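Colleague: I would like to go through backbone geometry and salt bridges in a model. Please take the general idea before each case.

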Amino acid sequence: MSTTWSGGGWDGPAVRARVREKAAGDPALARFGARTHRYVLTPPLPETAIRAFEEAHGIALPPEYRSFVATAGDGPAGPAHGLLPLTAPRPEAASETGDEDDGWAADDGWAVDDEWREDRLPGRLAAPFPLAGPLPGPLARPEDVTPGTLTLAEHGCGTYDRLVLNGPHAGEIWMLDPDWGGFTPVSPGFRAWYGAWLTAP
């Protein structure tokens, strides 16, 4: 599929069709992260829910991400172990079937749930993004460099993709790898980040 969006937004039905194609091509859930997200894409969020989230946290979500959750879906099918939901926590119970209504199939108490909750502490998302540029290498206090960012997905071993919400790097995706890689940009925006996963064989 050469295009999954039109104009400034996403083509929700095309995204969902491509996710179904990826699922059909991976019945054993052998691709990285597939056993977690199971190619389930929950319905888009209502505009009222997105706006309420932005107002509650004093932010404006980057347009590429905002339009995705408004028109395509609110995860979990996506890069790494899947796109985290925006407004409500990931369901804690493991799904046995992987059907669309069941959502996540990750184990109860997944570590990324703590990251998700920390992002939503008062003032954290609206705080200025503290970095002027990449910060490679081990990080003693990763929590000091992640204000102003939203966790999108987990790779495992404490490594996360995060969306920068404000400042000169707003809209970019950075990878947080506190043990080895530091905090560095990996994609110019949500469209490129999610689109690369969506179109990969």
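Modeller: We take the backbone and then the salt bridges of this predicted model.

Colleague: Which residues does a cis peptide bond join here?

Modeller: Most residues other than glycine have a negative phi, and most peptide bonds are trans. Here Gly-75 and Pro-76 are joined by a cis bond, with omega about 0 degrees. Pro-76 sits in the loop between helix H4 (63-71) and helix H5 (112-119).

Colleague: Where is Leu-29 found, and what is its phi?

Modeller: Leu-29 belongs to the loop between helix H1 (12-24) and helix H2 (34-37), and its phi is positive, near 55 degrees. Tyr-39, in the loop between H2 and helix H3 (47-57), has a positive phi near 60 degrees.

Colleague: Is Tyr-39 buried or exposed?

Modeller: Buried means under 20% relative accessible area. Tyr-39 has 8% relative accessibility, so it counts as buried. Leu-29, at 15%, also counts as buried.

Colleague: How many salt bridges does the structure hold?

Modeller: A salt bridge needs a side-chain nitrogen of Lys or Arg within 4 Å of a carboxyl oxygen of Asp or Glu. The structure holds 12. One of them pairs Arg-162 with Asp-119, with the closest N and O atoms 2.5 Å apart. Arg-162 lies in strand E4 (residues 159-164) and Asp-119 in helix H5, so the pair ties together parts 43 residues apart in sequence. Arg-162 is buried at 0%, and Asp-119 is buried at 1%.

Colleague: Which residues are linked in a network of salt bridges?

Modeller: Glu-47, Arg-51, Glu-54 and Arg-66 are linked in this way. Within it, Arg-66 and Glu-54 form a salt bridge, their closest N and O atoms being 3.0 Å apart, and both residues are buried.

Technical notes:
Residues numbered from 1 in each chain as written. Predicted model: local features only at pLDDT ≥ 70, side-chain atom pairs only at ≥ 80, totals over all residues. Heavy atoms only, no water. Helix = DSSP H or I, 4+ residues; strand = E, 2+ residues; numbered from the N terminus. Buried < 20%, exposed > 50% of the residue type's maximum accessible area, 1.4 Å probe, protein only.
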